[in-house]
Amino acid sequence: MKRIYLDNSATTQLKPEVLDVMIEALKNHNFNAASAHSYGQEGKLDLAKARETIANFVGAEPREIYFTSGGTESDNWAVHIAKKTKKGKHMITTTVEHHAMLHTMEEAQKEGYDVTFLPVDEYGLVTAKQVEEALREDTILISILYGNNEIGTVMPIEEIGAVAKAHNILFHTDAVQAVGNVPLDLSNSTIDMMSFSAHKIYGPKGIGSLFIRKTVRPYAFIHGGAQERGYRGGTDNLPSIMGFAKACELAGENLAGHISRLTTLRDKLIHGILERVPHCKLNGHPTKRLPGNVNISFEFIEGESILLMLDMTGIAASSGSACTSGSLDPSHVLMGIGLSHEIAHGSLRMTLGDFTREEDIDYVLEKLPPIIQRLREMSPLYEEEMRKQNGNV
Ligand SMILES: *Cc1c(COP(=O)(O)O)cnc(C)c1O
């Protein structure tokens, strides 16, 4: 049976070149970079080389790249740094953050911090003006999601960062979805701290980074050995770090081509669905959007049922967000852009990646419309709507 993976926002699969690097590293480069012997020296070199590759990819200096266990730890760490190094009790973020930031901010509230969760517009955007108006004397951190993992909306990060700069406030962005999917150059940027993660860009899980600009004072979140300039203890996970570096190198080789190819496939899928299926709408911004993100709400039916029926045809998608499935609450992002409960429940996310082919999109466009039709035929809500439309209420 055909299998088509359209859940690249949840995780991507390793590129073969990344796998090769990691297998070789597990065999021959699996030493402790902190050891004094020659193996340790080789490890140190491997580590330095990987750090440099990753730094080059995002336009940072190697010493500004700190390895973590992934995007979640990086988000937690950024908030921790603000708490520990700045005086003040107020932080600003948005209602549509990833749970890694949302729940970290909610935890800060329990500790007595005041957190402003800025509302977004119907596309999922906040403006620099909103951020400026929320500023207080005691604001210590502004943290804004770069590219939304559910609806794909890309925020005006540099405009918001300019506000942060003008007021001398720490500015962090969760760029886990944006890195490798939008052009980004930290050497010419207002970003002070940035979270990113290997497994969203065809690298391994459990490894990521927090970029901390050299002008920002770090503070340890994980206490231990002298790794990461003393700010993040724990033996360096060299095979994963080397795989992360390879993933960054590959992403950097053809970023423009990757973006334009995925954007074309994305728009073909979006328009193909909107043309073929009545009573549905695109969630997120039509153009300020991650190149691989498609998120559509289908009226009268449940995203979960669409998901299950798609799975039977070999298509792997997600209903709203993988993080919220398992709970009956609609996604906070879909509520954040103002969708009603019913419409939010009928939403489907398909996220494309480098392994997605045009024939995969054609296959989805062939399989999805009859699935929607079949589910609607079983839906009492839809039946009622049809009766209304036919005038015999
Ligand atoms: C996946 C994701 C995370 C979490 O990253 P992990 O490496 O899985 O911890 C954080 N933020 C966003 C936007 C993500 O998409």
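Which residues is Ser 197 in contact with, leaving aside its neighbours within four places in sequence? I began my notebook with this question and then moved on to the domains and the salt bridges.

**Entry 1: what I am looking at.** I noted that this is a predicted model, in which local features need pLDDT of at least 70 and side-chain atom pairs count only at pLDDT 80 or more, while totals for chains, interfaces and linings use all residues. Residues are numbered from 1 along each chain as its sequence is written, and side-chain values use heavy atoms, with hydrogens and water left out.

**Entry 2: Ser 197.** I found Ser 197 in strand 7 (residues 193-197), where helices (H or I, at least four residues) and strands (E, at least two) are DSSP runs numbered from the N terminus. Ser 197 counts as buried, at 4% relative accessibility; buried means under 20% relative accessible area, exposed over 50%, and partly exposed in between (1.4 Å probe, protein chains only). Leaving aside neighbours within four places in sequence, I listed Gly 70, Gly 71, Val 176, Ile 207, Gly 208 and Phe 244 as the residues in contact with Ser 197, contact meaning heavy atoms within 4.5 Å.

**Entry 3: the two domains.** I looked up how the chain is divided and found domain 1 (4-12 + 254-389) and domain 2 (16-253), with bounds that come from an automatic or database domain assignment. The contact between them takes 34 residues from domain 1 and 37 residues from domain 2, and their C-alpha centres lie 29 Å apart. About 2,700 Å² is buried between the two domains, and carbon and sulfur atoms give 55% of that area; buried area is the accessible area (1.4 Å probe) that two parts lose on being put together, summed over both. On the side of domain 1, I wrote down Thr 12, Leu 290 and His 332 as the residues that lose the most area to domain 2, together 22% of what that side buries.

Entry 4: How many salt bridges does the rule find across the interface of domain 1 and domain 2? I found zero, a salt bridge being a side-chain nitrogen of Lys or Arg within 4 Å of a carboxyl oxygen of Asp or Glu. The elements that give two or more residues to the side of domain 1 that touches domain 2 are helix 8 (255-276), strand 10 (293-298) and helix 10 (332-336).

**Entry 5: salt bridges.** I reminded myself that side chains of opposite charge can pair when their charged atoms come close. By the rule, the count comes to 17 salt bridges.

One of them joins Asp 354 and Lys 15 at 3.0 Å, N to O. Asp 354 lies in the loop between strand 12 (347-351) and helix 12 (358-377), and Lys 15 in the loop between strand 1 (4-5) and helix 1 (16-28), so the pair ties together parts that are 339 residues apart in sequence. I noted that both Asp 354 and Lys 15 are buried.

Are Glu 133 and Lys 129, which also form a salt bridge, buried or exposed? Glu 133 counts as exposed at 58% relative accessibility, and Lys 129 counts as exposed at 57%. Their closest N and O atoms are 3.3 Å apart, and because they are four residues apart in helix 5 (residues 128-134), about one helical turn separates them.

I also looked up Arg 136 and Asp 138, whose closest N and O atoms are 2.9 Å apart in a salt bridge. Arg 136 is partly exposed at 35%, and Asp 138 is partly exposed at 23%.
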